[in-house]
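The sequence and the structure are shown first.

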Amino acid sequence: MATRDVENQPVLGTPDDFPDRPKRGGRLVVHVVIGVLVAIIAGGWGYVMWSMTAGGSEAPSQVVTFNVASANRAEITFEVYKPDDRVAVCRIRALDVYHAEVGSKEVRIPAGGGSKQIKESLDTSGEATSVHIQYCNLV
């Protein structure tokens, strides 16, 4: 029985002991298909994000103050920045200590005057701990 001296050679062999790998083609096609899929997904996500902004019909708004007058009433003073010739519709919400909605109201701001500071009160079904503007859109 013939034995080999393994101390002088690698256990798994040398690169010359193995055949060359076969040439693989078609990688360009795979990379192009992956690139097209990534572009489609990125474009779709971009469209979703753009459509969530209401197509640029949003009127910037800012809460100035809010006051919880009683267990069933809250007041808010807020500013809306809009063009002079456009009407805006804002939705205000009152939330309780558990962040559940206890009251809401849509406020229509007529055209003219540009930026406006508005004071509104809304009825609530429970004691509110915060009042905020959910959205303000131009009509």
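The sections below treat the sheets, then the surface, then the salt bridges.

The model is predicted, so that local features require pLDDT of at least 70 and side-chain atom pairs count only at pLDDT 80 or more, whereas totals for chains, interfaces and linings use all residues. Residues are numbered from 1 along each chain as its sequence is written, and side-chain values use heavy atoms, with hydrogens and water left out.

**Sheets**

Helices (H or I, at least four residues) and strands (E, at least two) are DSSP runs numbered from the N terminus, and two strands pair if DSSP finds at least two bridges between them.

Strand E1 (residues 61–70) and E2 run antiparallel and are joined by seven bridges, and a hairpin connects E1 to E2 through two residues. Val 63 stands opposite Phe 78 in E2, while Ser 70 has Arg 73 in E2 as its bridge partner.

Thr 77 belongs to strand E2 (residues 73–80). Thr 77 is buried, at 13% relative accessibility; buried means under 20% relative accessible area, exposed over 50%, and partly exposed in between (1.4 Å probe, protein chains only). Leaving aside residues up to four places away in sequence, Thr 77 touches Val 63, Val 64, Thr 65, Gln 117, Ile 118 and Lys 119, where contact means heavy atoms within 4.5 Å.

Another open sheet of three strands has the order E4-E3-E6, with antiparallel pairing. Strands E4 (101–109) and E6 (130–138) are its edge strands, each pairing on one side only, and the twist averages 20° from one strand to the next. Eight bridges pair strand E3 (residues 88–95) with E4 in the antiparallel sense; Cys 90 has Val 107 in E4 as its bridge partner.

**Surface**

Trp 45, Tyr 47, Val 48, Met 49, Trp 50 and Met 52 make a nonpolar surface patch of about 740 Å². Patches are made of residues with over 30% relative accessible area and no salt bridge, with like charges joined within 9 Å and nonpolar side chains (Val, Leu, Ile, Met, Phe, Trp, Tyr) within 5 Å. Accessible areas come from the Shrake-Rupley method with a 1.4 Å probe; for residues, only the protein chains shown count as cover. Trp 50 lies in helix H1 (residues 27–51) and is exposed, with a relative accessible area of 52%.

**Salt bridges**

The whole structure contains four salt bridges, each a side-chain nitrogen of Lys or Arg within 4 Å of a carboxyl oxygen of Asp or Glu. Among them are the following.

| Pair | N to O distance |
|---|---|
| Asp 123 and Arg 73 | 2.3 Å |
| Glu 101 and Arg 91 | 3.4 Å |
| Glu 120 and Lys 105 | 2.9 Å |

Glu 120 lies in strand E5 and Lys 105 in strand E4, so this pair ties together parts that are 15 residues apart in sequence. Salt bridges that share partners join Arg 91, Arg 93 and Glu 101 into one network. Of the pair Asp 123 and Arg 73, Asp 123 is exposed, at 56% relative accessibility, and Arg 73 is partly exposed, at 32%.

Key: Axes are lines fitted to C-alpha atoms, for helices over the stretch in contact, and angles run from 0 to 180 degrees between N-to-C directions.
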